[in-house]
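Hi,

Here is the model I promised to pass on.

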Amino acid sequence: MDFLRPASWEEALAAKAEHPTAVPIAGGTDVMVEINFDHRRPEYLLDLNRIELLREYEVGEENVRLGASVPYTRIMENLRAELPGLALASHTVASPQIRNRGGVGGNLGTASPAGDAHPALLAAGAEVEVESVRGSRFIPIDAFYTGVKRNALEPDELIKTVHIKKADGPQQYSKVGTRNAMVIAVCAFGLALHPETRTVRTGIGSAAPTPIRAKEAEAFLNAALEEGGFWDSGKIITPSIAKQFADLCSGAANPIDDVRGTAKYRRHAVGIMARRQLGWTWEQYRGTGRSLEGAA
Ligand SMILES: Cc1cc2nc3c(=O)[nH]c(=O)nc-3n(C[C@H](O)[C@H](O)[C@H](O)COP(=O)(O)OP(=O)(O)OC[C@H]3O[C@@H](n4cnc5c(N)ncnc54)[C@H](O)[C@@H]3O)c2cc1C
């Protein structure tokens with residue numbers, strides 16, 4: 001196995017163009033497991049750790065530009081206000097050691113349906129900036145996941161930056177697992193309220209071949225909130241609306257039975273998380289969320 005160690009982004013792109021089968025390695029918390037267990041024996045490893053720009057983030061007017069290799073620990077510590085959903089999701093990843101190494105670029109590279117970043121990215125609305133020597137392109141997060149552990153990257157492309165809308169309202173993330181840490185999600189759910197556009201977005205993890213949004217549930221809730229004047233009044237969401245939303249989220253899931261849980265349990269748990277998160281985020285919106293919006 002050859003080890004390629006580019007010193008710059010340009011060198012990394014050139015190396016990937018020359019060796020399209022080279023496997024990029026960032027934190028290595030997925031790649032090294034696969035190599036150690038002999039699940040993968042790539043001809044080339046492309047080490048991205050000398051490329052500073054991948055470890056940087058920038059908070060702009062509307063978006064956060066998150067370098068692909070920014071570790072979860074820094075997201076939790078430094079971007080909690082701007083990206084609350086992703087910060088909560090980061091908090092649930094593995095252990096401090098893994099969170100110090102692993103990042104969102106690696107989660108996207110692996111594209112496991114159980115990856116914790118995905119529901120938060122789907123709910124917040126993210127775009128993945130990928131680049132090759134041929135140029136760069138922006139992939140909307142909804143189009144990024146193409147199958148079980150498959151993504152929209154071309155063989156010569158690398159993930160450069162993830163552009164994520166700064167939170168304009170409350171966000172939540174939760175995950176069901178057999179214990180509180182070091183656990184792969186049985187299923188996960190993320191929710192973001194977007195008062196600026198009066199919309200709600202969701203993300204479901206580990207309950208379908210790819211991370212998905214519950215689009216029908218979003219459309220139902222968006223219409224119900226608008227028609228009932230909920231965004232303006234901030235009144236409590238009725239139990240029947242919350243139940244219908246939860247049922248539609250549950251119905252959006254397309255899970256399987258496996259060692260971590262049954263399909264039936266996963267569908268049920270997605271509905272529970274959806275209902276609870278709607279309650280938590282709406283309560284927050286009724287309090288600080290709305291007053292902040294009014295002050296802006
Ligand atoms: C003990 C343990 C517990 C874990 N627990 C969790 C958990 O709770 N939740 C969770 O979501 N994950 C978990 N993981 C998986 C892993 O930590 C995450 O997926 C993490 O986000 C991977 O990031 P990384 O930088 O280490 O990726 P790497 O291992 O370096 O790379 C992962 C994949 O992404 C590709 N890649 C990396 N960077 C780029 C780039 N810039 N461009 C293109 N491709 C790229 C690699 O080629 C590889 O295919 C766990 C792993 C371990 C070992």
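Below are some notes on the ligand site and on one helix pair.

This is a predicted model, so local features need pLDDT of at least 70 and side-chain atom pairs count only at pLDDT 80 or more, while totals for chains, interfaces and linings use all residues. Residues are numbered from 1 along each chain as its sequence is written, and side-chain values use heavy atoms, with hydrogens and water left out.

Ligand first. The shell around it holds 32 residues, the closest being Pro24, Thr29, Asp30, Tyr72 and Asp116 (near is a heavy atom within 4 Å). By type, the shell splits into 17 nonpolar, 11 polar and four charged residues (Ala, Val, Leu, Ile, Met, Phe, Trp, Tyr, Cys and Pro are nonpolar, Asp, Glu, Lys and Arg charged, the others, Gly among them, polar). Helix H6 (104–110) is one of the elements that supply at least two shell residues, and H6 gives the most, with four (helices are DSSP runs of H or I, at least four residues, numbered from the N terminus).

As for individual atoms, a ligand nitrogen lies 2.6 Å from a side-chain N or O atom of Asp116. Ligand oxygen atoms lie 2.5 Å from a polar backbone atom of Pro24 and 2.9 Å from one of Val31.

Now the helices. In H4 (residues 84–91), Gly85, Leu86 and Ala89 meet Ala117, Ala120 and Leu121 of H7 (contact is heavy atoms within 4.5 Å). Those contact residues comprise five nonpolar, one polar and no charged.

Cheers

How values were computed:
Polar contact = N/O pair within 3.5 Å; in protein donor to acceptor, adjacent residues only side chain to side chain.
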